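Please look over the sequence and the structure below.

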Amino acid sequence: MLSLRPLSNPKPSSLYSSSFTPPNPLSPKTLKPIPPSSKPSRNFYPSIHSILQYSRKPQLAGNTPRVVVITSGKGGVGKTTTTANIGLSLARLGFSVVAIDCDVGLRNLDLLLGLENRVNYTVVEVLNGDCRLDQALVRDKRWSNFELLCISKPRSKLPMGFGGKALVWLVDALKARDEGVPDFIIIDCPAGIDAGFITAITPANEAVLVTTPDITSLRDADRVTGLLECDGIRDIKMMVNRVRTDMIKGEDMMSVLDVQEMLGLPLLGVIPEDSEVIRSTNRGYPLVLNKPPALAGLAFEQAAWRLVEQDSMETVMLEEEPKKRGFFSFFGR
């Protein structure tokens, strides 16, 4: 059986279970001392390390703003869902975030965030001189350090002159704002590898490649990886979405270790298949804001933590012990 673990957690018992569940990083817990008479277990000290790790604020690595493009090549793998949940997770950790929806004519990021009724201006109006940049930015009322910027309105087309240089100018304008430089600029890339894809990746210096464990998504992801490297983006991490442990155990789905061996990329996070994703999408309420948190929402939060510190996960192969067969096993019991 295949299992995943963070670098600090030595031996999980299944794909998503471990001896410790990381608490909410916004509410640190106090460790109780252990009596000298009691002998700590083998997994005790890694648990202490995990508690200390997730109870502090992550240290921002790299120069700000960090421009991250979230892409995949194939449509429907969860790019927009990842952008919404990673962006709000970063905002909850105390970092200022600007999310840019670069899907021209088919934008959906505002729907997932519940901000569709507040988008009055877009980048097209900014470039035409009809409004200022701060008027096109939509600030989230739940987390004021998160802002949304849409390229165009639904069912509209961009002018012929819009391209990578225009998006680079937009990122430079965000850096020169009076409110200060944002810590993260997250770009939601459209599907495919046409002009929209080239425009979205032009200002980025790192990328998150979202894929699912199926051969069609993996072939497109491998193609996109080559295009990102040709564009000079070397910091590429992948997120494996919609993973089902029951199908992996039944050998009906590729494991995360198989995906990582095929693509050869560092692993940022693994998102399990969760019915809460559809519910949160229809409500315009991201998973990371659910109370109690869903399993997929916790996975997004931990992925955001690793993104801040430029860390990655480690895949581990665990072998299950064979079941002991008793005397009555001969009779099918």
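Is Asp235 buried, partly exposed or exposed? Asp235 is partly exposed, at a relative accessible area of 23%; buried means under 20% relative accessible area, exposed over 50%, and partly exposed in between (1.4 Å probe, protein chains only). Its salt-bridge partner is Lys237, with the closest N and O atoms 3.0 Å apart. Lys237 is buried, with a relative accessible area of 9%.

The model is predicted: local features need pLDDT of at least 70, side-chain atom pairs count only at pLDDT 80 or more, and totals for chains, interfaces and linings use all residues. Residues are numbered from 1 along each chain as its sequence is written, and side-chain values use heavy atoms, with hydrogens and water left out.

A salt bridge is a side-chain nitrogen of Lys or Arg within 4 Å of a carboxyl oxygen of Asp or Glu, and by this rule there are 13 salt bridges. One of them links the side chains of Arg92 and Glu301, at 2.6 Å from N to O. Arg92 belongs to helix H2 and Glu301 to helix H12 (residues 295–308), so this pair ties together parts that are 209 residues apart in sequence. Helices (H or I, at least four residues) and strands (E, at least two) are DSSP runs, numbered from the N terminus. Arg92 is buried at 14% relative accessible area, and Glu301 is buried at 16%.

Leu93 sits in the loop between helix H2 (79–92) and strand S3 (97–101). Leu93 is buried, with a relative accessible area of 10%. Its C-alpha atom is 8.9 Å from that of Ala304, a residue 211 positions away along the chain.
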